[in-house]
Amino acid sequence: MNYGVEVFGDRWSLLIIRDIVFSGKKTYGEFMKSAEGIATNVLASRLAFLEQQGILSRAPSPSDRRKDFYTLTERGLDLIPILLSIIMWSAEHDTTSSVRPPKELLARLKRSPMEVSDEVKALVRDGGSVFPKAVQ
């Protein structure tokens, strides 16, 4: 448990991973636009740490060499079931948030969490995201 909390247990690391999986964000600038308002130094630190831990990989953008693309490694993709479990738990217990996952997604997660997890992994592995229009 301690290793997991050290590697991905802080708020910002999980939100970066969330943004990749659900919104398709890939660049520093896209992460900066997240509603939670991460500080630039914290974002740079978390991206470097997640890369160092083998959760993210970084590569230059093919269209603009000044930008780097961050993607989940296989090790990072293995966190998707955890994210989906957090979503299910939050949907059931968070009574104050106005943001709710689509009911269809929640129903599928309850019925077959591993199937949904495998589908999301494949989607993200191929460069997609759950809600691709969410990128700002």
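A residue counts as exposed when its relative accessible area is over 50%, and as buried when that area is under 20%. Keep these cut-offs at hand for this predicted model.

Start with the whole chain. The chain has 8 helices and 2 strands, and from the N terminus on the elements run α-α-α-α-β-β-α-α-α-α. The C-alpha trace spans about 45 × 30 × 30 Å along its principal axes.

Now show the surface. Its accessible area comes to about 8300 Å², and carbon and sulfur atoms account for 56% of that. Of the 136 residues, 34% count as buried.

Next, select residues 11–23, helix α2, together with residues 80–93, helix α6. The axes of the two helices come within 11 Å and cross at roughly 95°; angles of 65 to 115 degrees count as roughly perpendicular, and α2 and α6 are therefore roughly perpendicular to each other. Show side chains at the contact: Leu 14, Ile 17, Arg 18, Val 21 and Phe 22 on α2 meet Ile 80, Leu 83, Leu 84, Ile 86 and Ile 87 on α6. By class, this contact has 9 nonpolar residues, no polar residues and 1 charged residue.

Move on to helix α7, residues 103–111, and select Arg 111. Is Arg 111 buried or exposed? Its relative accessibility is 63%, so Arg 111 counts as exposed.

Lys 67 and Arg 111 are 44 residues apart in sequence, and their C-alpha atoms are 40 Å apart in space.

Note on methods:
Residues numbered from 1 in each chain as written. Predicted model: local features only at pLDDT ≥ 70, side-chain atom pairs only at ≥ 80, totals over all residues. Heavy atoms only, no water. Axes fitted to C-alpha atoms, helices over the stretch in contact; angles between N-to-C directions. Helix = DSSP H or I, 4+ residues; strand = E, 2+ residues; numbered from the N terminus. Parallel < 35°, antiparallel > 145°, perpendicular 65-115°, else oblique. Contact = heavy atoms within 4.5 Å. Nonpolar A, V, L, I, M, F, W, Y, C, P; charged D, E, K, R; others polar. Buried < 20%, exposed > 50% of the residue type's maximum accessible area, 1.4 Å probe, protein only. Areas by Shrake-Rupley, 256 points an atom, 1.4 Å probe, with all protein chains shown as cover.
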